[in-house]
Amino acid sequence: MPEKVVTRFAPSPTGYLHVGGGRTALFNWLWARCKGGTFILRIEDTDLKRNTPTAAKQVMQDLRWLGIEWDEGPEVGGPNGPYLQSERIDIYDRYVRQLLDAGKAYYCFETSEELDALRAQAEAQKKGFVYPRPQRFPSEQDVAKARADGKPVTVRFALPMDKPLVVEDVIRGRVSFHPAELGGDFIITKSDGFPTYNFACVVDDHHMKITHVIRGQEHLMNTPGQKALWEAMFPGRPTPQYAHMSVTISDTGGKLSKRERPQTLRTAIEKMPNVDIEKLAQVGGITADELKSFLKAQTTPDIPMIEAMAEHLGVRLPEINIVDFFHSGYLPETLVNFLALLGWNPGDQREILTVEELIRSFDLTRLTKSNSLFDRKKLLAFNTEHLRIEPPEKVLKHFKAYLAEIGSPVLKADDATLSRILQLCEGARTFEDVERKSAFVFVEDDQIEFEDKAVQKVLFKDHALEILGEVRGKLAERDPLTEHGIEEMLRGLAEQRQVGLGKVAQPLRVALCGTTISLPIFDSVSMLGKERALRRIDLTLQRFEATGQGQAE
RNA sequence: GCCCCCAUCGUCUAGUGGCCUAGGAUAUCAGGUUCUCAUCCUGGAGACAGGGGUUCGACUCCCCUUGGGGGUACCA
């Protein structure tokens, strides 16, 4: 009977979950789910400098949005806790003690500066740096003395140097390393008493009985050291199986990094002819000097400020974090499907898969070796498809969450109306499209903002205002107002005037919405109702008839 | 610099020595449907990085070159 699969996702809490992290989490989760195993969330918060207090919460929120639920971990508990490494220090200490007593690890007292100097020296001689292991390991007395002298105390693992370290990787096969190439003995306890990643990871993977470690290829070089550590601490126990996945690259060039969003904004501002620096800084909630410094690429304001300024300027920032996709109106099912297909495929020609299908088809042996670009255009196509195939209740739920997130007036609508809107927007690419097409229904009649371009192109052309007047008259006569009736009336009018339906529908659309884009015109009218529709037409006629043809306000 | 990984249409990929005249998706181009936007339908163009081997036969196996990615921390 094969042992039960246990996987884990082990993020360090430094901010929102980004696309790469989401993908790593997803593959681990998928593997656990398709094997009926356990998926553990473990927070690797051993770097006091980098961790932010809210980051772990953000990561968990993002995972939940994706639908990735953990069987063990923070907030849900489990038999192998605690799941925050910062709360497991005594466990690590115990193993360090053991290693020390067995002569497999030893104390060191160099400062970072001294280490840097040694590395520089090695580099000057064009040699790879290998930490020089002392002949005699320092004693506890030496440690006490070092501490008294104010020297930093760390612990290094004595890496067996005699034989090559071989890693069997599920994706990459057998990979061999020479201990010296790894830099020799590495630190397992930092001078602040916290374990390093490579050490804590091994202890926890053993304690939590992890069977498969699925992670990015950036960890491949850590694996031989971890394996050696494992053998020193848990001899005879099999290590987890390792699978080092390809990484995901940005389609805007280079790495998929958090810097991309500020960078995009900076580039956009540079290309703009005359930007009001004062005003923009005010919108972003920063000083003009801070903004100037940002533009000179000297500093970077926080993301909310970047976002506020981008929105003000109408600049689209590339999505990097999982939460960015939520904000842009994507379904989590789309992300899950798309991310799963970056470096994996079901082996047949299917591409659009639901989460259930993904779980059913997943297979760790079908992972791709080469890196892949994150193609946002293809993601958009996937979202269009998922909007169509996911159950309407599910879509509605996500749509409401989206509306709440962006603070849309459409939030005022009841579920039935929302469902109808969603149905009318069949073929939409994101919730953003749906919101934009339907928002007009939920703003006050006299609060409609007229897009200048729409007014010029539609209202001031081809006797549009005259037609609009006629539409108004016929609309007033109709009672009761039905969609069918509206259609009949508009089509009749177009035919009568010997013009296409567009010549009638577009002026009406602009009158109702202020823009040229909205829900289908018959539904637009019926959703507003007769009174509000008439009122909007009147307001439009009043406002633009006086202005005269060919002139906008 | 050293070490490790990778290499098929623009992009994501199928392909495990003959099923390949290299398949699908997306993007793109042309045409069509349509009240706007989007969808949708039809069709087109588009790839085995280069060079050596091995073999009756290489996209598939080996070597080199080139290119890309990662690592080289008291970060994870």
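Let's start at Ala297, which is partly exposed, with a relative accessible area of 48%. Buried means under 20%, exposed over 50% and partly exposed in between, with a 1.4 Å probe and protein chains only. Ala297 is not a glycine, yet its phi is positive, about 65°. Find it in the loop between helix 10 (288–295) and helix 11 (303–313). Helices here are DSSP runs of H or I, at least four residues, numbered from the N terminus.

A word on the source. This is a predicted model, and local features need pLDDT of at least 70, while side-chain atom pairs count only at pLDDT 80 or more. Residues are numbered from 1 along each chain as its sequence is written.

Next, Glu75. Its phi is positive too, about 75°, and Glu75 is not a glycine. Glu75 is exposed, at 52% relative accessible area. It sits in the loop between helix 2 and helix 3. Pro82 lies in the loop between helix 2 (55–66) and helix 3 (89–101). A cis peptide bond joins Gly81 to Pro82, with omega about -5°. For background, most peptide bonds are trans, and most residues other than glycine have a negative phi.

Last, a helix pair. The axes of helix 16 (residues 392–406) and helix 18 (residues 431–438) come within 11 Å and cross at roughly 70°. So helix 16 is roughly perpendicular to helix 18, a term for angles of 65 to 115 degrees. Axes are lines fitted to C-alpha atoms over the stretch in contact, and angles run from 0 to 180 degrees between N-to-C directions. Which residues of helix 16 meet helix 18? Among them are Phe399, Tyr402 and Leu403, and the helix 18 side includes Phe431 and Val434. Contact means heavy atoms within 4.5 Å.

Key: Chains are lettered from A and ligands numbered from 1 in the order in which they are written. Side-chain values use heavy atoms; hydrogens and water are left out. Helices (H or I, at least four residues) and strands (E, at least two) are DSSP runs, numbered from the N terminus. Angles under 35 degrees count as roughly parallel, over 145 as roughly antiparallel, 65 to 115 as roughly perpendicular and the rest as oblique.
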